[in-house]
Amino acid sequence: MTKHQIEVITSVERRRRWSQEDKERLVAACLEPGAVLSEIARAAGIHVSQLFRWRKELCQIEEPRTETASTLVPVVVSEAALPASPIPSGPPAPLQSRRKRSDVTIEFGRDRRIRVDSDIDTDALGRILDVVLGRVV
């Protein structure tokens, strides 16, 4: 015969108050390799959605506040375009097999994000990120 631990709440207050340290401890346990969130939540006596909410609140990246609401980035427009190729006469070329599009989203916090195709040139992506993050002199 097994004994189960039972928690009896006798106070009038129904809401439990979690200290910042308790929240951080539970969120840190969620970030451990191989952690199962439902088991962590069950052991703490909370719903798994509460862990997700705490994790979202505690893992937000704070950005330094700037005085301006937006930053202008210079854009260079070049007229050097590839010449148009003549349209070949004859049967149309066979269609290339379509691959499933896959995007990568990079989030910077404060509702700022960039979405790029997964096969973007890494040098080009580096230059874009330098401009967006203000690392360009």
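Analyst: Leaving out residues up to four places away in sequence, Arg115 touches Asp103, Val104 and Thr105. This is a predicted model, and the distances and areas below are computed from it. Arg115 belongs to strand S2, which covers residues 112-117. Asp103, one of the residues it touches, lies twelve residues from Arg115 along the chain, and the two C-alpha atoms are 6.4 Å apart. Is Arg115 buried or exposed? Arg115 counts as exposed because its relative accessible area is 58%, and the cut-off for that class is over 50%.

Over the protein chain as a whole the average pLDDT is 76, and 69% of the residues score at least 70.

A second residue, Leu129, gives a contrasting case. Leu129 sits in helix H4, which spans residues 122-132. Leu129 counts as buried because its relative accessibility is 16%, and the class requires under 20%. Beyond its neighbours within four places in sequence, Leu129 is in contact with Ile106, Phe108, Ile114 and Arg135. Of these, Ile106 is 23 residues away in sequence, with a C-alpha to C-alpha distance of 9.7 Å.

Leu133 comes in the segment after helix H4. Its relative accessible area is 41%, which means that Leu133 is partly exposed. Leu133 and Phe108 are separated by 25 residues in sequence and by 9.0 Å between C-alpha atoms. Together with Ile128 and Val132, Leu133 makes a nonpolar surface patch of about 210 Å².

The charged pairing in this model lies elsewhere. Side chains of opposite charge can pair when their charged atoms come close. Asp22 and Arg25 form a salt bridge, with their closest N and O atoms 3.7 Å apart, and the count for the model comes to one salt bridge. Both residues are in helix H1 (residues 20-30), three residues apart, or about one turn of the helix. Asp22 is classed as partly exposed because its relative accessibility is 27%.

The wider setting is as follows. The protein chain has four helices and two strands, arranged along the sequence in the pattern α-α-α-β-β-α. Buried residues account for 12% of its 137 residues. Among contacts with a separation of 6 or more, 34% join residues 24 or more positions apart. The chain exposes about 13,100 Å², of which carbon and sulfur atoms supply 54%.

Methods:
Residues are numbered from 1 along each chain as its sequence is written. This is a predicted model: local features need pLDDT of at least 70, side-chain atom pairs count only at pLDDT 80 or more; totals for chains, interfaces and linings use all residues. Side-chain values use heavy atoms; hydrogens and water are left out. Buried means under 20% relative accessible area, exposed over 50%, partly exposed in between (1.4 Å probe, protein chains only). Contact means heavy atoms within 4.5 Å. pLDDT is the predictor's confidence in each residue, from 0 to 100. Patches are made of residues with over 30% relative accessible area and no salt bridge: like charges are joined within 9 Å, nonpolar side chains (Val, Leu, Ile, Met, Phe, Trp, Tyr) within 5 Å. Accessible areas come from the Shrake-Rupley method with a 1.4 Å probe; for residues, only the protein chains shown count as cover. A salt bridge is a side-chain nitrogen of Lys or Arg within 4 Å of a carboxyl oxygen of Asp or Glu.
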